[in-house]
Amino acid sequence: MGLIGKTICRHCGRAKAETVIHGDSSLVYEVKEGDEAVAKHVVTIPATKTRFTSDSFGNLKKRRVAAYARVSTDHEEQQSSYEAQVDYYTNYINSRDDWEFVSVYADEGITGCNTKKRDGFNKMVKDALAGRIDLIITKSVSRFARNTVDSLTNIRRLKENGVECYFEKENIWTFDGRGELLLTIMSSLAQEESRSISQNCTWGQRKRFADGRVTVPFKRFLGYDRGEDGSLVVNENQAKTVRRIYGLFLQGHSPYAIARILTADGIPSPGGKKTWASGTVKSILTNEKYKGDALLQKVYTVDFLSKKKKVNEGEVPQYYVEGSHQAIIPPKEFDEVQEQMAVRCQAKNRQSCVSTFSSRIKCGDCGSWYGSKVWHSASKYRKTVWQCNHKFDGRKKCTTPSFDEEKIKELFVKAVNILLAEKGEIVENFNVIMDSFFDVRSLETEQSQLQEELHAAAGLVQQCIKENARALTDQTEYQKRYDGLAKRLESMQERLDEVSRAVAEKQAHREKIGIFLAGLQKQEDLVTGFDEDLWYSLMDYMTVFNKEDVRITFKDGTEISV
């Protein structure tokens, strides 16, 4: 007789069925209402294939095995760890007779928080899903992924395609019933460890910012080398290019034109490329580090998993360090460039610097700039002239004439010679009034006071928000207090912006006059032909009313009718 088991009815307590087991088969006796037992013969058919790979238990086919290795940084101490992992898994897989070595997939100096840039990992998964791999071995769950979602998603994809993963440190096999539970726990711990490390790194970085310690990507930053203590040291060969860029811009060249000049001269870009981009030139022209200051935390990392960065628009504190390192560009020259940048804004009548005469000739009727136009382009009478860009816009057409370049040059030379006749008087007058006319000491004092008051007001706003979050308060009173503080903060910010603009404008105007006087004093004799350097250093703009009335305004404000 085999083993006997009974099933009892929970209502009446009578036996409902009795099972007698003989080896891999059994007889089931079910009790009916008339106490008649009906026998059923159940035979167990054993499994002959594995659940996940559908291979026969008797199949002696070797498992195709690959390994995955990763180190998160490319520091020298991590290099040995990376090489050790690759060497270990190569020997380990080859030592097994039942395994066939496929490859060691590896990522060096790559974070495990996401899989976007992990080329080795992504290639391994692709090969596994294509049927080239049966088993993947890796050191630990954190080496595989520090992102719980990425880890489980990829494990499930591999599992559905009959590919098993083995994590040595935790002794987890993903085909094991407990594998996913353990994997979820370990992946979550790895992700939390990554979050903690990221938080500590962020704190350390912001502490360095608060202490005024400045760093730049030296390999792609033109003009500076890394000093012994990590400070910025001027590279004189590269600094010449930086100074040239600023000089060309102040002469009137656009970032695009400067990029073409540097490319034509064979000067390598900050990234070592032969071709310059206008965006690279613009970045150099607007980077405050070239005047010896540093604005820290311009961007910040939004999420430690995606590593996504965002331009800081007030979400986290910024730190401005004055005089943090040796300047390449004098602060006044830098400010003049920023003023010119603001003038050359995107607007209907924006300034352009594509050509020598771009944004230098103004229409006396509508105030728009002149632009170059080609007449008779397909004939032998082809000619380039300058006329109002909006001459034929609207119902009323501008009556101002067009000029060719030779006429413009002739008018300029004539005006400069008239100006040179009064050179001595002009220079003497400006030397007398320069300091008093462009004095910004009172504005700078007000600017400093406003910055301190703004910082204090911002602290009061933050304190108001925290107090409301910590304790139950009357929301009407809170909103009233918050609105008052916010309005005060906004008003102070507007005044600070206004004062800062006034300071920048005065300083830029002084720099502009300085360039004018230097150019004027440099010219000792009357001008006999057109000089482009003189054009950029002396002239502000030319206004055309008609052929008999053309007025040239110089940078000191002097207007001469020619």
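Strands β19 (residues 539–546) and β20 (residues 549–554) pair in the antiparallel sense over 6 bridges. Here helices (H or I, at least four residues) and strands (E, at least two) are DSSP runs, numbered from the N terminus, and two strands pair if DSSP finds at least two bridges between them. You're looking at a predicted model, where local features need pLDDT of at least 70, side-chain atom pairs count only at pLDDT 80 or more, and totals for chains, interfaces and linings use all residues. Residues are numbered from 1 along each chain as its sequence is written, and side-chain values use heavy atoms, with hydrogens and water left out.

**The whole chain**

- DSSP gives this protein 14 helices and 21 strands.
- Of its 562 residues, 37% count as buried; buried means under 20% relative accessible area, exposed means over 50%, and partly exposed is in between (1.4 Å probe, protein chains only).
- The accessible surface comes to about 33500 Å², and carbon and sulfur atoms hold 50% of it. Areas come from the Shrake-Rupley method with a 1.4 Å probe, and for residues only the protein chains shown count as cover.
- Take the contacts between residues at least 6 apart in sequence: 56% of them join residues at least 24 apart. A contact means heavy atoms within 4.5 Å.

**The sheet that holds β19 and β20**

- β19 and β20 belong to an open sheet of 4 strands, ordered β16-β19-β20-β21, with mixed pairing.
- Its edge strands, each pairing on one side only, are β16 (361–363) and β21 (559–561).
- Neighbouring strands of this sheet are turned by 25 degrees against each other on average, direction ignored. Axes are lines fitted to C-alpha atoms, for helices over the stretch in contact, and angles run from 0 to 180 degrees between N-to-C directions.
- Helix α10 (residues 405–420) lies across β16, β19, β20 and β21, and runs at about 60 degrees to β20.
- Thr-543 sits in β19 and is buried, at a relative accessible area of 11%.
- Setting aside neighbours within four places in sequence, Thr-543 is in contact with Lys-362, Gly-364, Asp-549, Val-550 and Arg-551.

**The five-strand sheet**

- Another open sheet has 5 strands in the order β6-β5-β7-β8-β9, again with mixed pairing.
- β6 (99–108) and β9 (172–173) are the edge strands here, each pairing on one side only.
- β5 (residues 63–71) runs parallel to its partner β6, over 9 bridges.
- Helix α2 (residues 119–129) packs on this sheet and touches β5, β6 and β7 (135–138), with a direction that makes about 150 degrees with that of β6.
- β5 is mostly covered, with 7 of its 9 residues buried.

**Helices α6 and α8**

- The axes of α6 (residues 236–251) and α8 (residues 278–285) come within 10 Å and cross at roughly 95 degrees.
- That makes the two helices roughly perpendicular to each other; angles under 35 degrees count as roughly parallel, over 145 as roughly antiparallel, 65 to 115 as roughly perpendicular, and the rest as oblique.
- Val-242, Ile-245, Tyr-246 and Phe-249 of α6 make the contact with Val-281, Ile-284 and Leu-285 of α8.
- By class, the residues of this contact split into 7 nonpolar, no polar and no charged. Nonpolar covers Ala, Val, Leu, Ile, Met, Phe, Trp, Tyr, Cys and Pro, charged covers Asp, Glu, Lys and Arg, and polar takes the others, Gly among them.

**Backbone spots to check**

- Asn-171 isn't a glycine, yet it has a positive phi of about 55 degrees. Asn-171 lies in the loop between β8 (164–167) and β9.
- Ser-359 likewise has a positive phi of about 55 degrees without being a glycine. Ser-359 lies in the loop between α9 (331–343) and β16.
- Ser-359 counts as buried, at 7% relative accessibility.
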